[in-house]
Every structure is written in C-alpha cells, then in structure tokens.
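Work through the exercises below with the sequence and the coordinates at hand. Each task is followed by a stepwise solution.

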Amino acid sequence: MAEYKKVYGIGAEFNSAADLLHAAEKVRDEKFTKWDVHTPFPIHGMDAAMGLGKSWLSTPVLIGGAIGTLTAALLTFVPSWFIYPMIVHGKPFNWATLPAFFPIFFELTVLFSAFSTVFALLIMNQLPKWYHPVFNWDRIKKATDDGFFIVIECRDPKFSETKTREFLEGLGGTNVTLIQD
Amino acid sequence: MSENSQAAPAVQLKTPPELARVPLVTNNRSLGWITDKVSTIVEERTGRWWWIAFLICSPIALMGLCCVIYQISNGVGVWGENKTVGWAWDITNFVFWIGIGHAGTLISAILFLTRQKWRTSINRAAEAMTLFAVVCAGIFPAIHVGRFWMAWFLAPIPNSYGIWPNFRSPLLWDVFAVSTYFTVSVLFWYTGLVPDLATLRDRARGPIARFIYGVFALGWRGSNRQWRHYEMAYLLLAGLSTPLVLSVHSVVSFDFATSILPGWHTTIFPPYFVAGAIFGGFAMVLTIMLPARLLYTQIDDLITRQHVDKMAKIILLTGTIVGYAYLMELFIAWYGANPYEKFTFFNARLGLEGKGWYAWSYYVMMFCNVISPQLFWIKSMRTNYVAVFIVCMFVNVGMWFERFVIIVTSLAQDFLPSSWRHYSPSTTEILTFVGTFGIFLTLFLLFMRFLPMIAMSEVKIVTPQADPHHHPETSPEAAANH
C-alpha cells in the first residue's frame with residue numbers, strides 16, 4: 001500500500017559556520033521567506049545573513065518590568081497609606097516613606113522582568129513544542145552537536161522540489177534531503 | 001561583513017607571540033569533541049568515586065534535615081542563643097551561604113556583560129552552585145523565626161489576623177531579595193540549560209533518557225529564528241541579574257547596617273558585603289571545581305590553568321577589597337570618636353586590654369581573608385592547583401568567621417557590661433551547619449551526574465571555528481588572535 005506522505009521541506013547540511021553563513025546569505029538574496037538554519041550555537045552575523053532584524057523580546061520585558069514596579073508601589077503604599085496608616089520605625093506613612101520601599105520596588109521589578117523574559121522567549125519561539133517536522137530528518141540531530149543545516153519549507157512560494165534541491169546543492173550543501181511532515 | 005574580512009588589510013598587523021591570546025579551549029579541539037566529552041560525563045556508567053562521595057554526603061544531608069526537624073519540634077531553645085546574643089550561628093550560616101551564591105551569578109551575568117569569554121566553561125557549574133548555596137541559606141532564616149509554621153506571615157497574604165508585613169523593615173526586604181534572587185537564578189540557569197538538554201536528548205540511547213531530557217529541552221531545535229530571541233533573552237537575564245546580585249548582599253547587609261549596634265551600624269557595609277560575597281563565592285567555586293576537574297580528566301582542555309589563574313586573580317582583588325574594608329572600619333572606629341564603637345573594634349574584636357572574648361576569631365578572619373590570598377600575587381601559585389585549593393579552603397573558613405565576628409562579637413559585648421553574655425553553639429547548631437554542607441554537596445553531585453556541567457553550546461561559541469570568518473587553512477595561532 002502506497003503511503004501518502006506530506007512534504008515539509010528540503011534540508012541541506014554544510015561543513016562549517018562560515019559555509020552556512022555564506023549559503024544563508026544566498027538563500028536570503030533568492031527571496032526565500034519560509035526557511036531556517038539549525039546550528040549548535042548562535043552564529044555571529046546570522047541574523048543579518050538571514051535578513052532578520054533585532055529581536056523585539058525586550059518590549060515585553062519592559063512592559064513586565066513596569067508592571068512589577070507598579071505592583072510593588074500598590075503592595076507597599078496601599079496598606080501603608082490607606083489600610084493601616086501607622087507610623088512604624090518613626091517613618092511617615094504617606095508618600096514621604098518612599099525611600100523605605102525602594103528595595104521592594106527594585107526586587108519586584110527584576111522578578112517580573114525575569115518572568116516576562118522567560119515567558120516571552122517561550123511564546124516567541126513557540127516552545128514547548130515537542131513535535132516538529134524537522135525532527136523527522138535523522139541528520140538534524142547533529143544540529144545540537146556539530147552540524148550546520150538549512151531547511152527550506154514547502155510553504156515558501158518559491159519552493160520547488162527539484163529547483164530548490166538543485167539550488168541547495170549548488171550552494172555546497174550535502175545530504176540534501178526531502179523532509180516529510 | 002564577510003566582504004570586509006575577505007579584502008586584504010592595508011597594513012599587516014603582526015602580533016608578537018608573547019602577546020597572543022591563549023586559546024580558551026586548548027589543543028584545538030573540534031565542536032564534536034566538546035559535545036562528546038561533556039555529554040559522556042552524564043552518559044557513562046556512574047563512577048565508583050561518585051557513589052563513595054554520594055554515600056558520604058547524603059547521610060550528612062539527612063543528619064542536617066533531622067537537626068532541622070528537631071529544632072522545629074523543640075523550638076530555638078535547642079540552640080545556644082541567649083537573651084543578648086539572639087543571632088549567632090544561624091544568621092552567620094545564612095550570610096555565609098548566600099554570599100557563596102554570588103560568585104555563580106557574577107560569572108554568569110557580570111562576566112557575560114563584560115564579554116569575558118573564559119566564563120563559558122565554568123558558568124553552568126557555578127550557577128548550579130549558586131542555587132544549591134541559596135537552598136542551604138534559606139533554611140536558616142526560615143527555622144530561626146522560631147515558629148516555622150508561621151513563616152508564611154512573611155509573605156504579603158491577606159489573612160484573618162489582620163497582620164500585614166512591615167515593608168519598611170530590612171528583614172522583609174531580605175525576604176524579597178533572597179526569594180527574587182533564587183527565582184531569577186533558577187530561570188537564568190534553566191534558560192541556559194535548554195540547548196544542552198536538547199543535545200542530551202539527541203544523543204540519548206535509551207527511551208527513558210530521551211523522554212526526560214526531551215521534555216525539559218522543550219523541543220529546542222537550534223534554529224536561528226529561536227537563537228535570535230534566545231540570545232536577547234540571555235542578554236536581558238544577564239542584565240537583570242547584574243544589579244540583582246549586587247542588591248542581594250547589600251540588602252543582607254542592611255539587616256545589620258540599619259540597626260544602632262556598634263560594629264553593625266556602618267555605611268561601608270553594602271560594598272564590603274558584596275566584595276566579601278564574591279570573594280567567598282569564588283573560593284567555593286574553586287573548592288568544588290578543582291576536585292571535579294581531577295575526577296573528570298576529559299574536561300582538562302575546557303577548564304584550563306588559565307581559568308584557575310583568572311579566578312585566583314578575582315580572589316586576590318576581592319580579598320584585598322575586603323581587607324581594605326576591615327582596615328577602614330578600624331580607622332573609622334578610631335577617628336569617629338564614638339566610645340561604644342571604639343570598644344567594639346579595639347577591645348571586643350582586636351582584644352586590646354584583654355577584653356575581647358572572641359578576639360581569636362577576628363585574627364582567624366584577618367589571616368584567612370587578607371593574608372592568605374596575597375599568595376596569589378605570584379603567578380606560579382595561581383596556576384598551582386594544590387596551592388589554589390589550600391588558599392580557597394582558608395578563604396572558606398575566613399569568610400565564615402567574618403560573619404561570626406560581625407554578628408557575635410558585636411552582640412555579645414555591646415553597650416552595657418551588665419547585659420554582656422557569652423555564647424557558644426549547641427551540638428544541634430553545629431550539626432545543622434555540617435548538615436548544610438551535606439545538602440550542598442549532595443545536590444552538586446546529583447547535578448554533575450544528571451546535567452551537563454559545562455555549557456556546551458556556549459563553549460562552542462568561543463572556539464575559533466565558531467567564528468563565521470574563520471578559515472581552517474589559516475594556522476590555529478592566527479585563528480586564536482582573530
């Protein structure tokens with residue numbers, strides 16, 4: 001019985017970080033959009049080689065940090081000023097007691113920022129995602145060891161099973177393989 | 001960028017050999033070699049020495065936990081504290097352990113921001129050490145509150161008693177600082193672990209290991225669209241941890257500095273405590289890394305003499321800062337003309353006129369923290385593992401005594417001679433402290449056994465072949481200079 005298998009994309013392996021960077025530049029210049037490189041470590045300059053801008057992960061962290069500061073302000077001032085307006089340590093209970101609350105402001109800002117960083121990282125990288133079609137390619141395991149790969153997805157408007165294969169081979173890619181979904 | 005590197009430079013710069021940078025990974029190892037050597041530590045059969053170490057450390061940890069249970073069920077009366085000396089070994093141990101944690105965060109965050117590439121092979125283990133040290137530290141204030149089951153009052157939780165924490169108190173700042181520090185350290189450590197857990201997942205031979213590492217690797221695939229955000233997240237976490245680590249020991253020092261007790265009431269405390277924490281922490285990093293390096297000879301090319309040399313230099317620097325703080329305290333005690341402060345420093349601590357009950361501990365502290373690290377001015381001593389280990393043991397002892405000196409000598413002999421009290425620790429107190437070493441080492445042994453103790457993906461970045469402008473035909477020396 002012939003089994004129908006959907007195609008995810010085509011993968012190619014490269015010898016070194018330098019080769020991969022040059023190949024990625026060419027893929028970018030060919031105006032491919034749905035593609036990625038898989039490497040054991042972040043390669044310096046790869047974002048530019050892939051035509052990707054700076055990560056905007058800092059935006060959610062700024063928002064998270066601001067929420068942290070606000071939480072600390074409410075947590076300290078609302079009880080001190082409104083619920084239990086008492087003089088403790090000879091310090092006032094209104095806005096003038098602000099310096100005594102700085103450590104709490106600081107700690108909660110850092111705490112909320114750190115959680116925002118990690119959650120934003122997970123959301124933006126779509127993790128956890130325990131199944132992904134690239135894992136169907138056995139060689140991709142080397143991407144966490146010492147392999148350098150380019151994978152072009154079939155969703156890409158420029159994708160063609162034969163031409164993309166030839167293109168990747170022309171860039172110096174080895175083990176060019178069709179990856180099943 | 002690539003165009004520039006390929007164009008011939010106008011002036012050929014020649015680096016004299018004595019100025020060439022020593023490569024961080026020696027013997028020009030390949031990327032696969034790094035993966036193999038670090039992963040096999042986790043994958044190979046558990047060594048006999050590991051079982052021996054584990055069977056020694058885990059009963060000690062258990063003994064510590066029994067002491068904690070005994071203390072909780074009987075009350076703080078089982079300790080040697082009295083009406084004058086209300087803080088003693090408990091808070092000494094707390095400050096000691098929390099300080100040790102600081103070296104891990106310094107290596108992982110501050111050295112990252114300052115682009116110290118040599119940090120990559122030691123940051124994972126140092127960060128793990130941070131977490132385990134903070135676990136040990138957290139035990140003491142929790143049980144020191146006396147009624148342990150009431151410890152939740154420290155958290156701002158609305159309750160029917162109408163009790164609300166006092167946010168103006170340094171003790172509450174401490175609760176927030178230490179718990180934030182632990183949480184952020186866990187997040188930072190785990191973020192760093194994800195790519196390496198993916199490596200272990202991809203190498204795993206058995207289905208159980210593949211499943212467990214796979215779950216915790218979150219499906220990491222090392223794609224550049226992931227690395228892009230990952231690098232930013234790492235940078236942000238490093239940026240957040242840097243002021244955090246400086247704040248934690250500053251806040252710990254506020255516990256003392258905001259009181260009016262002579263010997264505690266000084267403005268020098270926050271920087272002095274932070275320097276001391278980094279000092280003691282690096283000593284503890286070396287105390288556990290040197291034996292680990294001896295047992296796993298395959299990582300010799302990753303943690304080299306260069307790394308030990310650099311850590312020894314940090315110990316020398318911070319030790320000297322601590323020495324300056326000690327002398328400055330003495331100077332201010334003399335110059336400030338406050339009779340109580342003068343008494344604390346010159347009589348209680350230095351033991352002049354024979355009045356220092358605990359003066360011996362001051363001299364132990366001075367010798368261990370200020371004199372012994374001066375050996376590191378000599379390069380051959382910084383790269384001699386035995387000498388480094390011995391000095392680090394002295395520093396470990398000295399940093400514990402520093403906190404003992406600050407806490408106990410100040411409390412035991414304060415303003416009124418009629419309220420002076422001697423203090424000596426009870427057996428339970430001593431065994432609890434010994435037990436925390438068992439907890440610390442047991443956790444570290446488990447970490448070495450089940451997690452990659454060197455950050456593989458980060459070490460790979462600092463190898464010459466990771467540089468996209470590296471060309472293998474050039475000589476390794478030229479690549480190292482690159």
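Two strands pair if DSSP finds at least two bridges between them. Helices (H or I, at least four residues) and strands (E, at least two) are DSSP runs, numbered from the N terminus. The model is predicted: local features need pLDDT of at least 70 and side-chain atom pairs count only at pLDDT 80 or more, while totals for chains, interfaces and linings use all residues. Residues are numbered from 1 along each chain as its sequence is written, and chains are lettered from A and ligands numbered from 1 in the order in which they are written.

**Exercise 1. Find the strands that pair with β3(A), and state the sense of each pairing.**

Step 1. Strand β2 (residues 35-38) of chain A is joined to β3(A) by four bridges, and the two run antiparallel. Within this pairing, Val37(A) stands opposite Ile150(A).

Step 2. Strand β1 (residues 7-14) of chain A also pairs with β3(A) in the antiparallel sense, over six bridges. Phe14(A) has Phe148(A) as its bridge partner.

**Exercise 2. Determine why β3(A) is described as largely enclosed.**

Step 1. Apply the burial criterion: a residue is buried if 20 or more other C-beta atoms lie within 10 Å of its own, exposed if 12 or fewer, and partly exposed in between, with C-beta atoms placed from the backbone.

Step 2. Six of the six residues of β3(A), residues 148-153, are buried, so the strand is largely enclosed by the rest of the structure.

Step 3. Sort the residues by direction. In a regular strand the side chains alternate between the two faces of the sheet. Phe148(A), Ile150(A) and Ile152(A) point one way, and Phe149(A), Val151(A) and Glu153(A) the other way.

**Exercise 3. Describe the layout and extent of chain A.**

Step 1. Chain A has five helices and four strands, in the order β-α-β-α-α-α-β-α-β from the N terminus on.

Step 2. Domain 1 covers 7-53 + 126-180 and domain 2 covers 58-124; their C-alpha centres lie 44 Å apart.

Step 3. Compare the radius of gyration (over C-alpha atoms) with the globule rule, 2.2 Å times the number of residues to the power 0.38. Chain A has 25 Å, whereas a compact globule of 181 residues would be near 16 Å. The C-alpha atoms fill a box of roughly 80 × 40 × 30 Å along the principal axes.

Step 4. Of the 181 residues, 41% count as buried.

**Exercise 4. Check the length of α1(A) and list its buried residues.**

Step 1. The expected span of a helix is 1.5 Å times one less than its number of residues. Helix α1(A), residues 17-29, has 13 residues and reaches 18 Å from its first C-alpha to its last, close to the 18 Å expected.

Step 2. Its buried residues are Ala17(A), Ala18(A), Leu20(A), Leu21(A), Ala23(A), Ala24(A) and Val27(A).

Step 3. Just after the helix, Lys31(A) takes a positive phi of about 65°.

**Exercise 5. Which element gives the most to the side of chain B that touches chain A?**

Step 1. Count contacts (C-beta atoms, placed from the backbone, within 7 Å). In contact are 56 residues of chain B and 58 residues of chain A.

Step 2. Helices α2 (31-43), α6 (170-203), α8 (224-257) and α16 (456-461) of chain B each supply at least two residues of this side. The answer is α8(B), with 16 residues.

Conventions
Domain bounds come from an automatic or database domain assignment. Two residues are in contact if their C-beta atoms, placed from the backbone, lie within 7 Å.
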